[in-house]
Amino acid sequence: MTTTTVRPKAAGLRRRVLELAERITTPLLPGDYLDLVAPLRSGAPLRGRITAVHPETRDCVTVMIKPGSGWQSHIPGQYVRIGIDVDGVRQWRTYSLTSHTDRPDGHIAITVKAITDGTVSNHLVHRATVGTLVQLDQAAGDFVLPAPAPDKLLFVAAGSGITPIMGILRNLADGTGIDTVVVHCAPTPDDMIFAGELRQLAAQGRIRLIEVHTATDGRLDMTRLHELVGDLTARHTWACGPAGLLDALHEHWTEHGVADQLHTERFRAEILTTGDGGTVTFTRSGTTTEAAGDQTLLDTGEAAGVLMPSGCRMGVCFGCVVPLRRGTVRDVRTGDVTTAAEGDGVAIQTCISAAAGACALDI
């Protein structure tokens, strides 16, 4: 009898405490305050905290991240989407995971190369600091080895295309007996990401490393690749780099009837151009319209008859935030340009953003 009467009282007291907490913290919720003191706790949105930033080359760093308790690990070769605030705007980008999957501290790593006009890559390379919180998605991607792995492997990388490949190489067990060739292309020896570690693996006999310094050797083509790797089409191949290289590899492997042995990873499938205004597509409603460079996307959508989410006119900020599926937009206050390709997961405020070229919104 005692047990059946205490539990309802305890539950009622807990409910009243939570209701009181919600009234006190409105318009925020108690969970919002917990995020300030325990952002990586169980049950919170998946986040991570930057724990270290290690230089790799003059324009590339490895960022170590302690993920929240909801992180489910990854398969070597996969990528992760991270969200980071840059100058007050949440930006999402995708980066390959380069860490060991069995690190004792559970930390993960991404390796980022700064690209021209790259908002997030330049921020991470030049401005990221220890202690910064980032948003995380679970790992994804199928640029991974099968189990068991083939006896003969070839990895072809150009520039930052080495990052998912390094994630695979670091997790290959010692003494597996797998015949592994790595062709790594970069302008100069100093531009080769992970050069020291790859050379050490080669010295240990774990891989055969072929360095192609394109500034002096020229770009890698299929004739040269055949000269460097005599049994080219006998190897199961994983390649990551510029579209031209990957297209040439695919054509060559197809001509030799072994296209099923080639696996490629493309970082960005389209080139984004910037202008003043452009075609705006609202993907869910199926509406497409033209917008001037000084017209906000909120006004553009409403003028086209699209039901736009917004609390701006009632003083509720960030009610107009929607995903930018692809394209370029400009902040009408600062002139800053944000770009996104499919899968980047970039979110924008439509009340302060205008088309800066063709763009598509997930609404």
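Reader: Between which two elements is the loop that holds Phe194 found?

Author: In this predicted model, Phe194 has a positive phi of about 65 degrees although it is not a glycine. Most residues other than glycine have a negative phi. The loop that holds Phe194 lies between strand S8 (179–186) and H5.

Reader: Is Phe194 buried or exposed?

Author: The relative accessible area of Phe194 is 3%. Buried means under 20% relative accessible area. Phe194 is therefore buried.

Reader: At what angle do helix H4 and helix H5 pack, and which class of packing does that make?

Author: Helix H4 spans residues 162–169 and helix H5 spans residues 195–203. Their axes are 12 Å apart, and the packing angle is about 40 degrees. Angles under 35 degrees count as roughly parallel and those from 65 to 115 as roughly perpendicular, with oblique for the rest. At about 40 degrees, H4 is therefore oblique to H5.

Reader: Which residues of H5 meet H4, and how many of the contact residues are charged?

Author: The crossing of H4 and H5 is left-handed. From H4, the residues in contact are Ile162, Met166 and Leu169, and they meet Glu197, Leu198 and Leu201 of H5. By class, the contact of H4 with H5 has five nonpolar and no polar residues, and the number of charged residues is one.

Reader: How many of the residues of H4 are buried?

Author: The buried residues in H4 are Ile162, Thr163, Pro164, Ile165, Met166, Gly167, Ile168 and Leu169. H4 is therefore largely enclosed by the rest of the structure, the count of buried residues being eight of the eight.

Reader: Which strands are included in what covers the buried residues of H4?

Author: The cover of the buried residues of H4 includes a helix, H5. It also includes strands, among them strand S4 (89–96) and strand S5 (108–113). The other strands named in this cover are S7, S8 and S10.

Reader: How is the aromatic pair of Phe155 and Trp238 arranged?

Author: The structure holds one aromatic pair. A pair of aromatic rings is described by the distance of the centres and the angle of the planes. For Phe155 and Trp238 the centres are 6.3 Å apart and the planes are at 45 degrees, so the arrangement is tilted.

Reader: How many residues apart are Phe155 and Trp238, and what is their relative accessibility?

Author: Phe155 belongs to strand S7 (residues 152–158) and Trp238 to strand S10 (residues 236–240). The pair links distant parts of the chain, 83 residues apart. Phe155 counts as buried because its relative accessibility is 0%. Trp238 likewise counts as buried, its relative accessibility being 0%.

Reader: What is the phi of Ser73, and what is its relative accessibility?

Author: Ser73 is found in the loop between strand S2 (60–67) and strand S3 (79–86). Its phi is near 70 degrees, a positive value in a residue other than glycine. Ser73 counts as partly exposed because its relative accessibility is 35%.

Reader: What distance separates the C-alpha atoms of Ala292 and Ala356?

Author: Ala292 is placed in the loop between strand S13 (287–291) and helix H9 (297–303). With 39% relative accessibility, Ala292 counts as partly exposed. Ala292 and Ala356 are 64 residues apart along the chain, and their C-alpha atoms are separated by 8.8 Å.

How values were computed
Residues numbered from 1 in each chain as written. Predicted model: local features only at pLDDT ≥ 70, side-chain atom pairs only at ≥ 80, totals over all residues. Heavy atoms only, no water. Axes fitted to C-alpha atoms, helices over the stretch in contact; angles between N-to-C directions. Helix = DSSP H or I, 4+ residues; strand = E, 2+ residues; numbered from the N terminus. Parallel < 35°, antiparallel > 145°, perpendicular 65-115°, else oblique. Left-handed = near helix turned anticlockwise from the far one by under 90°. Contact = heavy atoms within 4.5 Å. Nonpolar A, V, L, I, M, F, W, Y, C, P; charged D, E, K, R; others polar. Phe/Tyr/Trp six-rings, centres within 6.5 Å; stacked < 30°, edge-to-face > 60°. Buried < 20%, exposed > 50% of the residue type's maximum accessible area, 1.4 Å probe, protein only.
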